[in-house]
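Dear colleague,

Please read the text with the model open beside you.

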Amino acid sequence: MAGISILNSFVKKDRKAYKLKPKCRVIAPLSQKGGATKSTSCVNIASVLCEMGYRVLVIDLDQQGHSTMGLGGDNLEWEYTMANVLDYEKIIEDFDPIPIEKALMKTLFESKTDGSLWLIGANITNEEYSAAHYNDPSKKMLLSEELDKIKDKFDFIIIDSPPGLDFWNWSAIFALDYIIVPLEPGHGEMRSYNDFMETLLQIKEVNPKLKHLGTFLTKANPQTNLYKDFKQNFEVNTPGILFESEIPQDTKIKESLGYGIPVTLYASSSKSSKSYWSLTEEVLKRCQLIEAKG
Ligand SMILES: Nc1ncnc2c1ncn2[C@@H]1O[C@H](COP(=O)(O)OP(=O)(O)O)[C@@H](O)[C@H]1O
Ligand SMILES: [Mg+2]
């Protein structure tokens with residue numbers, strides 16, 4: 001199995017192994033489905049990039065705050081969400097929007113190789129803002145404009161969006177360079193995935209520079225026939241899309257969320273940690289390939 005062979009030759013590499021041009025890339029795991037592992041993937045890919053030595057910012061846009069929690073945000077003091085940065089005063093009188101720099105909080109995670117991991121957290125204000133501006137297309141550019149102000153501070157900005165395609169998803173879509181798509185083997189999941197691939201055509205009309213880097217299997221259980229058939233069918237029907245790396249079903253992931261520590265640090269030698277490392281490496285390689293082609 002390809003995913004397993006990658007893990008057998010697993011060696012952690014740092015940023016020097018990748019000759020990426022120094023610029024900020026905005027990436028998101030995207031899927032319309034809740035529970036697709038978007039937040040888990042944001043947290044762990046960001047943690048790996050930080051360990052590699054990159055300056056990373058995670059922006060949580062989902063009021064459920066799972067990536068805020070997963071990066072230890074619940075144990076830190078912070079006040080502002082992206083809703084506060086955009087023009088939140090339209091909802092709460094006398095509220096002045098705050099500069100995006102004030103919403104940046106440094107997490108406790110950093111690396112020996114100068115990597116750092118920052119977070120803009122999410123809470124109920126995200127939901128209130130989204131509900132108030134749902135039908136206001138002009139507001140959907142604001143996130144992208146705000147990110148332009150801080151791109152010189154980061155190598156990667158990873159965006160965690162809510163499920164569905166609400167205000168925050170479309171705001172993110174305007175700002176993104178790359179998406180990766182998590183997919184759990186299953187028939188219902190495949191149906192949602194196909195719907196999402198149709199939506200991706202509309203998404204690309206809105207943001208033509210956005211690239212789908214690839215799709216990865218998650219919560220994978222390679223022993224099951226469901227997994228084997230699913231993977232084989234997927235590869236036959238859509239060759240070249242799947243990442244070789246896949247994230248196994250692993251209870252350590254749920255445990256790590258409770259501690260506010262990415263699984264890549266909480267259980268660094270676990271299969272899921274190694275899988276997130278190899279997935280992140282593949283993400284970097286695919287960025288490199290696309291950018292080399294120009
Ligand atoms: N590889 C995995 N194995 C087992 N559980 C996982 C795995 N990845 C994520 N989970 C759990 O699945 C649930 C949904 O994941 P989450 O990242 O919150 O999805 P989303 O952000 O797409 O809604 C969470 O409880 C999370 O801890
Ligand atoms: Mg989530």
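Is helix H2 mostly covered or mostly uncovered? H2 is mostly covered, since 15 of its 15 residues are buried, where a residue counts as buried if 20 or more other C-beta atoms lie within 10 Å of its own, as exposed if 12 or fewer do, and as partly exposed in between, with the C-beta atoms placed from the backbone. Helices here are DSSP runs of H or I with at least four residues, strands are runs of E with at least two, and both are numbered from the N terminus.

Before going further, please keep in mind that this is a predicted model, in which local features need pLDDT of at least 70 and side-chain atom pairs count only at pLDDT 80 or more, while totals for chains, interfaces and linings use all residues. Residues are numbered from 1 along each chain as its sequence is written, and chains are lettered from A and ligands numbered from 1 in the order in which they are written.

**Helix H2 and its partner**

The expected span of a helix is 1.5 Å times one less than its number of residues, so the 15 residues of H2 should span 21 Å, and this agrees with the 21 Å between its end C-alpha atoms. After H2 comes Gly 53, whose phi is positive, near 110 degrees.

H2 packs against helix H13 (residues 271-293) at an angle of about 75 degrees, and the two axes are 9 Å apart; axes are lines fitted to C-alpha atoms, for helices over the stretch in contact, and angles run from 0 to 180 degrees between N-to-C directions. H2 and H13 are therefore roughly perpendicular to each other, given that angles of 65 to 115 degrees carry that label, those under 35 count as roughly parallel, those over 145 as roughly antiparallel and the rest as oblique. On the H2 side the meeting residues are Asn 44, Ile 45, Val 48 and Leu 49, and on the H13 side they are Tyr 276, Trp 277, Leu 279, Thr 280 and Val 283, where two residues are in contact if their C-beta atoms, placed from the backbone, lie within 7 Å. The residues of this contact of H2 with H13 divide into seven nonpolar, two polar and no charged; Ala, Val, Leu, Ile, Met, Phe, Trp, Tyr, Cys and Pro count as nonpolar, Asp, Glu, Lys and Arg as charged, and the others, Gly among them, as polar.

Thr 280 counts as buried because 25 other C-beta atoms lie within 10 Å, and, not counting residues up to four places away in sequence, Thr 280 touches Ile 45, Val 48 and Leu 49. The C-alpha atoms of Thr 280 and Ser 41 are separated by 9.7 Å, although these residues are 239 residues apart along the chain.

**Around ligand 1**

Which residues come nearest to ligand 1? Of the 18 residues around ligand 1, these are Ala 36, Lys 38, Ser 39, Thr 40 and Ile 253, a residue being near if its C-beta atom, placed from the backbone, lies within 6 Å of the molecule or strand in question. Helix H2 (38-52) and helix H11 (251-259) each supply at least two residues of this shell, and the shell divides into five nonpolar, nine polar and four charged residues.

**Two loop residues with positive phi**

Thr 37 lies in the loop between strand S1 and H2, and its phi is positive, about 85 degrees, although Thr 37 is not a glycine. Thr 37 is partly exposed because 19 other C-beta atoms lie within 10 Å. Asp 114, in the loop between strand S3 (105-110) and strand S4 (116-120), likewise is not a glycine and has a positive phi of about 70 degrees, but Asp 114 is exposed, with 12 other C-beta atoms within 10 Å.

**Helix H9**

Helix H9 (residues 187-206) has 20 residues and reaches 29 Å from its first C-alpha to its last, close to the 28 Å expected at 1.5 Å a residue. The buried residues of H9 are Glu 189, Tyr 193, Phe 196 and Ile 203, and what covers them includes helix H8 (167-175) and strand S6 (178-183).

With best wishes
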